[in-house]
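Have a look at the sequence and the model below.

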Amino acid sequence: MIPGPFVYHRPASVGEAVGLLAAHGEDARPFAGGHSLIPMMKLRMAAPSHLVDLAGISDLATIRDEGSTVVIGATVTQAALIRSDLLAARLPILRETALQIADPQIRTKGTLGGNVANGDPGNDMPALMQCLGATYVLAGPDGSREVAARDFYEAAYFTLLQPGEILTAVRIPVPPAGHGYAYEKLKRKIGDYATAAAAVVLTLDGSTVASAAIALTNVASTPLFAEEASRLVVGTSLDAATVKAAAEAAKAITDPATDGRGTAEYRREMAGVMVARALVKAADRARTGA
Amino acid sequence: MSEIDTIPVSLTVNGRKVQRFVEPRTLLIHFLREELNLTGAHIGCETSHCGACTVEIDGASVKSCTMFAVQANGASVTTVEGLANADGTLHALQEGFRQMHGLQCGFCTPGMLMRAKVLLSENPDPTEEEIRFGIAGNLCRCTGYQNIVKAIQYAAAKLNGRTYQEAAE
């Protein structure tokens, strides 16, 4: 399988990259790890005539600590997320999630920016970014703007990213030290997309939940921020009845497809199971400081 | 004839500098096999699932079927042809695969070896579980993986100056 022909561009700055996309319009695609785009190009389901490789823009490959916010460049790979001591200390849920994506070789090339910008409902990072309340930095011909991850996704492969724009960075507010977290993903085998998955970040005040955020992967055409489920657990001790109620509230907003991973009914049920497991694990970690 | 110009790439492959003009759409696996006649890395699934095309690029494992040759411009690439020791003796991993019967048909073996090399460089003494997780991107349809795991354990032991002791089953 050989992709169609294209002109290869390797700009050295975001400004140059945006200029190339503007000049070539619909025929041009930004390109990072290539592990979504190259397979589509081999199948000729994508045939861009210009590829704008972001690998030459060194600013995009950095992880920056800004105190209350961590800023991750678009071309930081999943492998780099896993290796980062900064993230291990301040946002350990990123490592936990990245380790459940694809396999080691693909994590060498796959990037955070590609994972969140592509709009594939099977990708794991979008729900995590919604859980964390992250914002995406989008650069275009008229400058740069920020969009909340919770507002970014419209439908499968449709996002607020406009033609000619590049997602350059993800800004993540750092949860307080001692927060609990978990990314629970049910999959048939390593490398698979989720049958259902849930991200949870919470804080405890004594034994009471002080704050909580829950989001879901691959159980609708977009990632889902489970607002009602998140609200339900705040102020409780996360007793069994509360966990069950939160799982039910999360299930209620899902709309999974029936596919090789199971029937819609099964996948909805599993979304609830993942939420329950993630809540219990996150609370446990917050209690024990693990 | 293509209307797209070829572009120059310059990289190091198995310690040797190579320069070629390539079409941008040339995949690295095709570049290695067809331009350089290095047919060790195999084309299996062509969909980045099977890992038979795995090579080492700047110390990391990559599936060379899902990367353009132009992306490797300036990089150092090692294929299975570059794995043996400089004096021609087998690398510890190659010896391990031979001693522990880590292959049957051999199709997945070049990818397994190159993935295992990077795994051991990152984690010189992995547990069985870490080995299995580390080679999760490489599929073998013959062995059931048992002897591949042992082969990697054999190599890890040898590289750490120990003699491999097979665990009782």
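## Where the two chains meet

Keep in mind that this is a predicted model. The contact between the chains draws on 28 residues from chain B and 29 residues from chain A. The size of an interface is often given as the accessible area lost when the parts come together. Here, the area buried between chain B and chain A is about 2,400 Å², and carbon and sulfur atoms give 66% of that area.

How many salt bridges does the rule find across the interface of chain B and chain A? It finds 1 salt bridge there. That bridge joins the side chains of Lys63(B) and Asp103(A), with an N to O distance of 2.6 Å. Between chain B and chain A there are also 8 residue pairs in polar contact, with both residues at pLDDT 80 or more.

On the side of chain B that touches chain A, the elements giving two or more residues are strand S4 (60-63) and helix H4 (128-134) of chain B. S4(B) gives the most to this side, with 4 residues. By type, the residues on the side of chain B that touches chain A divide into 13 nonpolar, 11 polar and 4 charged.

## Salt bridges within the chains

Side chains of opposite charge can pair when their charged atoms come close. Over all chains, a search of the whole structure finds 25 salt bridges.

| Salt bridge | N to O distance |
|---|---|
| Arg285(A) and Glu96(A) | 2.7 Å |
| Glu35(B) and Arg20(B) | 3.3 Å |
| Lys158(B) and Glu95(B) | 2.7 Å |

Let's start in chain A, with the salt bridge between Arg285(A) and Glu96(A). Arg285(A) lies in helix H12 of chain A and Glu96(A) in helix H5 (residues 92-98) of chain A, so this pair ties together parts that are 189 residues apart in sequence. Is Arg285(A) buried or exposed? With a relative accessible area of 16%, Arg285(A) is buried.

Turning to chain B, Glu35(B) and Arg20(B) meet in a salt bridge. Glu35(B) belongs to helix H1 (residues 28-35) of chain B and Arg20(B) to strand S2 (residues 16-22) of chain B, so the pair ties together parts that are 15 residues apart in sequence. Glu35(B) is partly exposed, with a relative accessible area of 37%, and Arg20(B) is partly exposed at 31%.

Lys158(B) is partly exposed, with a relative accessible area of 41%.

Back in chain A, a network of salt bridges links Arg188(A), Asp192(A), Asp259(A), Arg261(A) and Arg267(A).

## A closer look at one helix

Helix H11 (residues 240-252) of chain A has 13 residues, which at 1.5 Å a residue should span 18 Å; its end C-alpha atoms are 18 Å apart, which agrees. Which residues of H11(A) are buried? They are Thr242(A), Val243(A), Ala246(A), Ala247(A), Ala249(A), Ala250(A) and Lys251(A). An α-helix has 3.6 residues a turn, so residues three or four places apart point the same way. The buried residues of H11(A) pack against strand S13 (208-217), helix H10 (227-233) and helix H12 (264-288) of chain A.

Note on methods
Residues numbered from 1 in each chain as written. Chains lettered and ligands numbered in written order. Predicted model: local features only at pLDDT ≥ 70, side-chain atom pairs only at ≥ 80, totals over all residues. Heavy atoms only, no water. Expected span 1.5 Å × (residues − 1). Buried < 20%, exposed > 50% of the residue type's maximum accessible area, 1.4 Å probe, protein only. Contact = heavy atoms within 4.5 Å. Buried area = accessible area lost by both parts, 1.4 Å probe. Salt bridge = Lys/Arg side-chain N within 4 Å of Asp/Glu carboxyl O. Polar contact = N/O pair within 3.5 Å; in protein donor to acceptor, adjacent residues only side chain to side chain. Nonpolar A, V, L, I, M, F, W, Y, C, P; charged D, E, K, R; others polar.
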